[in-house]
Amino acid sequence: MIKQILNNKIFKTISEIADKNEIEVYVIGGFVRDYFLNRPSKDIDILVIGSGIDFSLKVAEELGIKKVSKFKTFGTSMFKYKNMEIEFVGARKESYSRESRNPIIENGTLDDDQKRRDFTINAMAFSLNKANLGELLDPFNGTGDLNEKIIRTPLNPDITFSDDPLRMLRAIRFATQLNFELDELVFNSIQKNKERINIITKERIVEELNKILLSPYPSTGFILLDKTGLLNEFFPEFVNLKGTETINGTSHKDNFFHSLEVVDNLAKKTDNLWLLWAGLLHDIGKPKSKRYNEKTGFTFHAHEIIGGKMVVNIFKNFKMPLNEKLNYVKKLVELHLRPIAIVKDVTDSAVRRLLFEAGNDIDDLMKLAEADITSKNEAKVKKYLSNFEIVRQKLIEIEEKDKLRNWQPPITGEEIMEFLKIKPSKDVGIIKNKIKDAILDGEIKNTKEEAFKYMSNQAKKLGLL
Ligand code: CTP
């Protein structure tokens, strides 16, 4: 089986060049792991006992590839071949770390290199030399751990994690993606070394969080992150959602587990990373807005607005994109209660307003609102979901009639200024909003003519005409 794969043009070329130059070469890491997991892999890591960069240039020449990216400080190089990324690395004697500023020492053996990798399941290699082509070199019993579904490190985890603390997060990410457990030593070591995550760049942390969010059950990852204490190191706002409180017999739900249930629900319906982030953060404003009142019990007034503001800070802190992705997540967090509110009062004007505010993201907002129903009471859930069906129908109806998704009011700010002979001012905004509201509330028709008539009346009332 593996021999068949190694018969592919890319591996065959690598094998021939390796033998011709008498260099030991292996395919290692994720490709080998994914071969045993039956997952197709597009990234191929080639381990060279010698200089990875020199060897990659020989292979590229043979394949007629012009563009080879070289990373001298890491001792690696990479090129694309068909739809695959082929990365070459020289075997290392010392730690395999991307954080290290010291130049890589490439005089290691296969065994040296395997020891310094993150997990036993990522340290397996197939030989690419003719003498033992396809032989599996698995000194730490990675195949056994794949069968047992367990994340173990080749060395004492304290050493493996001190080589690169991001590996603590990677351990939890792999456990979540693959539905594996953490070995007890690994779990304890993460608990012990959690503070070391702070030397890792936010970008690398977020890359792992994104992979956790895109897993079948993201909650598994966040619960492990929390249990080990890692989460509090880089995402205390999320840990703050944890816990319930009871006063005079009334309590509120645990918003940490609720948020995770919402993300799990969404993960079944979407692979839109940003919708998953919106699910994760939809209630992030709750701790700050929590109040207790004798009559109404616990309230979380305006948590969606507070949450929207927090989303901006979280994105900034995590060095996430401050572009339309942020606007999207912020908008969904701010609007997440609206579909539920409409369920209670499905009027044309409420539906029109929601369509106008959500625009093209209305379908995602509906998905979020549905995922937000996490009651344990099945009858209640059923009722809500069937009510949502009514809202969806109404959305379709109104959208067909009024085409509000990307609607703009029929009169622009310039037209208002020209008509009323006024300069840019607060009044222009007030008038513009009044026209918009009148149309959304169905007071006037969505035409220029009616809008002008309405504007003239309103302007008179305001003493502008
Ligand atoms: N590796 C490591 N320590 C790290 C990162 C990577 O030891 N902090 C090693 C592992 O052997 C890993 C290989 O480098 O298998 C390739 O790393 P990467 O491409 O990041 O991960 P993959 O294992 O290929 O998995 P994925 O593509 O899912 O990230």
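Q: Which helices each supply at least two residues of the lining of the second largest pocket?
A: This is a predicted model, where local features need pLDDT of at least 70, side-chain atom pairs count only at pLDDT 80 or more, and totals for linings use all residues. Residues are numbered from 1 along each chain as its sequence is written, and side-chain values use heavy atoms, without hydrogens and water. Helices are DSSP runs (H or I, at least four residues), numbered from the N terminus. The suppliers are helix 14 (255-269), helix 19 (338-344) and helix 22 (378-402).

Q: Which helix gives the largest share of the lining of the second largest pocket?
A: The largest share, four residues, comes from helix 19.

Q: Which helix gives the largest share of the shell around the ligand?
A: The shell has 14 residues (a heavy atom within 4 Å). The largest share, four residues, comes from helix 8.

Q: How far does a polar side-chain atom of Arg33 lie from an oxygen atom of the ligand?
A: Arg33 is among the closest residues to the ligand, and so is Arg117. For Arg117, a polar side-chain atom lies 2.9 Å from a ligand oxygen. For Arg33, the distance to a ligand oxygen is 2.8 Å.

Conventions
Polar contact = N/O pair within 3.5 Å; in protein donor to acceptor, adjacent residues only side chain to side chain.
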